[in-house]
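Take a look at the model below.

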Amino acid sequence: MKKILYLTFYFEPDLCAGSFRNSPLAKEVSKQLQHTADVEVITTLPNRYQSFNVEAATEEESGNLLIKRIKLPEHNSGLLDQILAFLKYYRETVKITKNQQYDLVFASSSRLFTAFLGYRIAKKKSIPLILDIRDLFVDTLSDVLQNRILKILLLPILKIIENRVFQYAIHINLISKGFVSYFTKYGNKNISNFTNGIDDEFIFQQDFIEHVPVDIKVITYAGNIGEGQGLHKIIPLVAKLLGNHYRFRIIGDGGAKKLLVDKVNEFGLTNVAIEAPMKRKDLLEVYKNSSFLFLHLNEYDAFEKVLPSKIFELASFPRPIIAGVSGYAQKFIQDNVENVIIFKPGDAVGLVDKLKENDYTVINRLGFVDKYRRDRINEQMSKMIISYL
């Protein structure tokens, strides 16, 4: 029987976009391959946030789907911590796969590392590699990395690695169409564009249509609090300018959380609450009691190409969205999502002006939800993966 090796650093029950994408996709691939091939997922035990602890089995088997989870050292989402965590994942995965036979490697990667791991295993075993690229790591790092010496040392090496990995792959899926121009140098490579999607638990529920009280408007952000989101650069100043008629509710964790907390304390704000990550079913109630749902990307050129997974989650709810985005993400929202206040990333004054002018309304986005259901996207993407067996 044939076997697919499926590599993803994040998998359920972890809380992050990588987990939400790959958990149902791996299950759909195994479902379509029932009785004809096995799918072996090698991933990690939940590690996205220190503040979110949940039990998970190190090995789990269901029919033709085998999930192996590697325990990582505790980390605080810093660059060095993430490198050490990946090295552990890399070494253990190489050990697990050493004497195993596979017919295809599928790797879903946001930071290039998992793609590189897939490349090393596929090349050594002389089998095809399919990549799911969720972020342009080298492009992003060249913007985000502040240490000039690290840039000089790391970027040339990473560019060589990136080139080898992408050249070897027989098919590359790009999660954002904004990435396409970056891949033109790879010629006639098979490229697809299966985006993120909307999970079943976020498919519209009728009682969410009700208007929320408008005396104090609650603006909710739920997700990673990292340098990429740049919440510390926008939320404290906006909260200060808006005053106590608005309240920010921030749910999550990440490497830039301390920067946000420090800025909130510096401004002496009482209208910003920062809470630990929570399970998605609990998030439903939070969204239900929110006036606005918030999204923001930091002001980096690399982010002009991305399409945040959070857009799909937020747009499934009949609440107005506040989005600090530019580039492809802005175009995607303008073309596909109604009832959105779009502002320039980092522009607190511009956002406050738009909020004060906003005529609050609740709109159903059932057309968007139907178009971007995760199960439909996964069904088509799984067929693509299987076609290379």
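**An aromatic cluster and its surroundings**

Phe9, Tyr10, Phe86, Tyr89, Tyr90, Phe113, Phe116, Tyr119, Phe137 and Tyr168 make up one aromatic cluster. Rings of Phe, Tyr and Trp (its six-membered ring) pair if their centres lie within 6.5 Å; planes under 30 degrees apart count as stacked, over 60 as edge-to-face and the rest as tilted.

This is a predicted model: local features need pLDDT of at least 70, side-chain atom pairs count only at pLDDT 80 or more, and totals for chains, interfaces and linings use all residues. Residues are numbered from 1 along each chain as its sequence is written, and side-chain values use heavy atoms, with hydrogens and water left out.

Across the whole structure, the search finds 29 aromatic pairs. One of them joins Phe9 and Phe86. The pair is tilted, at 6.5 Å centre to centre and 40° between the planes. It links distant parts of the chain: Phe9 sits in the loop between β1 (2-8) and α1 (17-32), Phe86 in helix α2 (residues 79-97), 77 residues apart. Helices (H or I, at least four residues) and strands (E, at least two) are DSSP runs, numbered from the N terminus. Phe9 and Phe86 are both buried. Buried means under 20% relative accessible area, exposed over 50%, partly exposed in between (1.4 Å probe, protein chains only).

Now turn to another site. Ala323 lies in strand β13 (residues 321-324). Is Ala323 buried or exposed? Ala323 counts as buried because its relative accessibility is 0%. Leaving aside neighbours within four places in sequence, Ala323 is in contact (heavy atoms within 4.5 Å) with Leu295, Ile333, Val340, Ile341, Ile342 and Phe343. Gly118 is 205 residues from Ala323 in sequence and 34 Å away in space, C-alpha to C-alpha.

The protein chain holds 13 helices and 14 strands. Its radius of gyration is 21 Å, close to the 21 Å that the globule rule gives for 389 residues, so the chain is as compact as a globular protein of that length. The radius is taken over C-alpha atoms, and the rule is 2.2 Å times the number of residues to the power 0.38. Along the principal axes, the C-alpha atoms fill a box of roughly 65 × 50 × 40 Å. Of the 389 residues, 55% count as buried. Among contacts between residues at least 6 apart in sequence, 74% join residues at least 24 apart.
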